Amino acid sequence: MKTSIIQFPGLNRESDMIMALENVAGARVETVWHTETSLPDTDLVVIPGGFSYGDYLRCGAIAARSPIMKAIIEHANKGGKVLGVCNGFQILVETGMLRGALMRNANLKFVCKRVVLKVENDSTFFTSKMTKGDQVSCPVAHHDGNYFVDKETLKRLEGDGQIIFRYAAGSNPNGSLNDIAGICNAKGNVIGMMPHPENMIEPLHGKTDCRPLFESIAA
Amino acid sequence: MKAMIKVTLKKGVLDPQGKAIMGSLGSLGFDGYNNIRQGKYFELDIDAASKADAQAKVKDMCEKLLANTVIENYEIEITG
């Protein structure tokens, strides 16, 4: 799997993500700076987490208007895979590639803890090695992960299986609508999620629950 | 010309920050207020041939960056 990881000023989770992609997904990873206007030959684009542009204006808003994003949108329009985690998810919703918005956590606190995720759609490139209903531990670390979307779009997302991950009952850390933790676009080739599966793959992380997600990429 | 832009949350979108501010005002002893909504304000100098031209330019800026129209409304005022 040829993979490009996008680097914006202020992102800080790229090393963990590269390790997960290389060690578990067996991907060949190239780092792409945000000022580039084209991607190398790539199957999968990954936007990792962090605080691009210091979260100025809105989380992900400024990164979403960077030169490289045009190439990423084109890649996705041609059916190429895109994964955004945490700030990467915020960037994808700011481009409009994924529906909705990620607002300030309902309790106004930065949450940094382990939550339980429930897999809702097991037919995507990031969940094919899992089974619908599976529950996995996964860390979250964010201040703005409170997913919001208008009622009509929510109904469509729910009906079309575009909700991929939900926080398990009692585990919603941010007030997200319908406990939504991760979604995909209509074609299923663009995925965004707030939790950090790249930090739940080694025994040193405490658990290895999220390895199947990265194994799905290799499948 | 000068443009002043107000960005506010749409009706129906929860505003936990506004709620926290409301609680804080209460703890300072204020009363008789309700429904605080937090928003953003931008000012910018703009070169334009006419007010209408400036308005159109700033509207484009709002749609493309200054506001997230999924959750926010914006109001533009041009002076000078």
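1. Helix H3 of chain A, spanning residues 87-95, has 8 of its 9 residues buried, so the rest of the structure largely encloses it. The model under review is a predicted one. The buried positions of H3(A) are A:Asn87, A:Gly88, A:Phe89, A:Gln90, A:Ile91, A:Leu92, A:Val93 and A:Glu94. Directly after H3(A), A:Gly96 adopts a positive phi of about 90°.

2. Strand E3 of chain A, residues 44-47, is covered on both faces. On one side A:Leu44 and A:Val46 are buried, and on the other A:Val45 and A:Ile47 are buried as well.

3. Which strands of chain A pair with E3(A)? One is E1(A), residues 2-7, which runs parallel to E3(A) and pairs with it over 3 bridges. Within E3(A), A:Val45 has A:Ser4 opposite. Another is E4(A), residues 81-85, whose pairing with E3(A) is likewise in the parallel sense and extends over 4 bridges. Here A:Gly84 of E4(A) stands opposite A:Ile47.

4. A:Ile6 counts as buried because its relative accessibility is 0%, and the cut-off for burial is under 20%. Between A:Ile6 and A:Trp33 the C-alpha to C-alpha distance is 6.0 Å, although 27 residues separate the two in sequence.

5. The cysteines deserve a separate remark. Over all chains, the structure holds 0 disulfides.

6. The largest pocket contains about 500 Å³ of space. Its lining comprises 26 residues, of which A:Arg58, A:Asp144, B:Gln17, B:Lys40 and B:Glu72 are the closest to the centre. Which elements give two or more residues to this lining? From chain A they are H3 and strand E5 (101-103); from chain B they are strand E1 (2-9), helix H1 (16-27) and strand E2 (39-45). By residue class, the lining of the largest pocket divides into 11 nonpolar, 7 polar and 8 charged residues. Helix H3(A), described above as largely enclosed, is thus one of the elements that contribute to this lining.

7. The second largest pocket holds about 300 Å³ of space. Among the 17 residues lining it, those closest to its centre are B:Leu14, B:Asp15, B:Pro16, B:Lys19 and B:Arg37. H1(B) supplies the largest share of this lining, namely 5 residues. The lining of the second largest pocket divides into 8 nonpolar, 6 polar and 3 charged residues. H1(B) is also listed among the elements that give two or more residues to the lining of the largest pocket.

Notes:
Residues are numbered from 1 along each chain as its sequence is written. Chains are lettered from A and ligands numbered from 1 in the order in which they are written. This is a predicted model: local features need pLDDT of at least 70, side-chain atom pairs count only at pLDDT 80 or more; totals for chains, interfaces and linings use all residues. Side-chain values use heavy atoms; hydrogens and water are left out. Buried means under 20% relative accessible area, exposed over 50%, partly exposed in between (1.4 Å probe, protein chains only). Two strands pair if DSSP finds at least two bridges between them. A disulfide is a pair of cysteine sulfur atoms within 2.5 Å. On a 1 Å grid over the protein atoms alone, a cavity is a set of points where a 1.4 Å probe fits but cannot get out, and a pocket is an open set with protein on both sides within 12 Å along at least five of seven lines; lining residues have an atom within 4 Å of a point. Grid points are joined across faces, edges and corners, and a volume is the space filled by probe spheres set on the points. Ala, Val, Leu, Ile, Met, Phe, Trp, Tyr, Cys and Pro count as nonpolar, Asp, Glu, Lys and Arg as charged, and the others, Gly among them, as polar.
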